[in-house]
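Let's take a walk through this structure together. Have a look at the picture and keep it in view while you read.

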Amino acid sequence: MTRVFITGGHGFLGKRLVARLRDRPNTIVVAPARAECDLMGPPQRVADLMDGCDTLIHAAANVGGLQHVNQNKFNVLSENLLMSLSVLAIEEDDLVVIRE
């Protein structure tokens, strides 16, 4: 049984990944909502949610459309960077980078 943890599992990309993965046999998908898995908050809460998962897919992002991004460039960039760094810090011991 494979446990897959998906950040952003309720977003545009994440919800599609969740749907596809839930169709796979022997796969358990963990996709908490933003309120439960705040990547901008203390990393220990996220680490606790990830505990026991074999695979991490980081699909969370502050997007909101081109107008939002253009009007909030610094905030969008810094929040996305901080979320990614938070996930990397939690998983740094088991980090595997996959490039396709």
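A quick word on terms before we start: a residue is buried when its relative accessible area is under 20%, exposed when it is over 50%, and partly exposed in between, using a 1.4 Å probe and protein chains only.

First, some ground rules. This is a predicted model, in which local features need a pLDDT of at least 70 and side-chain atom pairs count only at pLDDT 80 or more, while totals for chains, interfaces and linings use all residues. Residues are numbered from 1 along each chain as its sequence is written, and side-chain values use heavy atoms, leaving out hydrogens and water.

The chain averages 86, and 90% of the residues score at least 70. Where pLDDT is low, the predicted coordinates should not be read in detail. Among the elements, helix H1 (residues 14-22) has the highest confidence, at a mean of 94, and helix H2 (residues 43-50) the lowest, at 84.

Now for the layout. Helices (H or I, at least four residues) and strands (E, at least two) are DSSP runs, numbered from the N terminus. You'll find four helices and three strands in the chain, and from the N terminus on they run β-α-β-α-β-α-α.

What about the overall shape? The radius of gyration is taken over C-alpha atoms, and the globule rule is 2.2 Å times the number of residues to the power 0.38. With 100 residues, a compact globule would come out near 13 Å, so the chain's 14 Å agrees. Along the principal axes, the C-alpha atoms fill a box of roughly 45 × 30 × 30 Å. Of the 100 residues, 25% count as buried.

Next, who touches whom? A contact means heavy atoms within 4.5 Å. Of the contacts in the chain with a separation of 6 or more, 61% are between residues 24 or more positions apart.

Asn-26 sits in the loop between H1 and E2, and its phi is near 60°, a positive value in a residue other than glycine. Although Asn-26 and Met-1 are 25 residues apart in sequence, their C-alpha atoms are 4.7 Å apart in space. Leaving aside neighbours within four places in sequence, Asn-26 is in contact with Met-1 and Thr-2.

Step along to Thr-27, in strand E2 (residues 27-30). Thr-27 counts as buried because its relative accessibility is 18%. Not counting residues up to four places away in sequence, Thr-27 touches Met-1, Thr-2, Val-4 and Leu-21.

Our last stop is Cys-37, in the loop between E2 and H2. Is Cys-37 buried or exposed? Its relative accessibility is 7%, so Cys-37 counts as buried. Beyond its neighbours within four places in sequence, Cys-37 is in contact with Phe-5, Pro-32, Val-46 and Leu-49. Cys-37 and Ala-47 are ten residues apart in sequence, with 9.4 Å from C-alpha to C-alpha.

How values were computed. pLDDT is the predictor's confidence in each residue, from 0 to 100.
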